[in-house]
Amino acid sequence: MSDTREEMRRIGERIRTTRKKQGMSMKTLGQKVGLSESMIWRYEKGDLKSIDVNMIKKIAVALNTESEILLGWDSDNSSQVDPQWGDDEANIEYLKDNPRLLDQYIELTRKNDTIGLLFDKVKDLSPKDVEKVLKIVELIDQENE
């Protein structure tokens, strides 16, 4: 396998891994970036001769990450969730049927360094507890609008 082909495969693997961590389907990602599900599949399999930089940027935004991470230029520290939130995969699975709360969970756990201050005494939240926390945060957000 050529170096370029191998690099396309690694980029695709990072896209797929990030998408799955977000609990997002290929179809949903495609809708967010204006590509068909089959084209997302090709990106994830590395079945491309080259990758459009602007599309990588769109995919990164849709996946709440940086294009540099998808390209392998930087490590993804944002995907590491503080243990106080409990089992990240279980939380995503539990919230997958409520996209609004799932998006909020991802936003809080990946992009908000200060949220831990609110929950510094709470450890190993269950998925149901995480849902309650997200609903409280949602109520606070609504009051501030």
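User: What does contact mean here, and which residues does Met-24 touch beyond four places in sequence?

Analyst: Contact means heavy atoms within 4.5 Å. This is a predicted model, in which local features need pLDDT of at least 70 and side-chain atom pairs count only at pLDDT 80 or more, while totals for chains, interfaces and linings use all residues. Residues are numbered from 1 along each chain as its sequence is written, and side-chain values use heavy atoms, with hydrogens and water left out. Not counting residues up to four places away in sequence, Met-24 touches Arg-19, Leu-29, Lys-32, Ala-62 and Leu-63.

User: Is Met-24 buried or exposed, and what is its relative accessible area?

Analyst: Met-24 sits in the loop between H1 and H2; helices are DSSP runs of H or I, at least four residues long, and strands are runs of E, at least two, numbered from the N terminus. Buried means under 20% relative accessible area, exposed over 50%, and partly exposed in between, with a 1.4 Å probe and protein chains only. Met-24 is therefore buried, its relative accessible area being 11%.

User: Why do the buried residues of H4 line one face, and within what arc do they fall?

Analyst: The buried residues in H4 are Met-55, Ile-56, Ile-59, Ala-60 and Ala-62. On the other side of H4, Val-53 and Val-61 are exposed. The arc is that of the directions from the helix axis to the C-beta atoms. Seen down the axis of H4, the buried residues line one face because they fall within an arc of 160°.

User: Which residues does Ile-15 contact, leaving aside neighbours within four places in sequence?

Analyst: Ile-15 is one of the residues that touch the most other members of the largest nonpolar core. With those neighbours set aside, its contacts are Leu-29, Tyr-43, Glu-44, Ile-56, Ile-59, Leu-63 and Leu-70.

User: Where is Asn-64, and what is its phi?

Analyst: Asn-64 is in the loop between H4 and H5. At 25% relative accessibility, Asn-64 counts as partly exposed. Its phi is positive, in a residue other than glycine, and is near 55°.

Note on methods: A nonpolar core is a set of buried Ala, Val, Leu, Ile, Met, Phe, Trp, Tyr and Cys residues joined through side-chain atoms within 4.5 Å.
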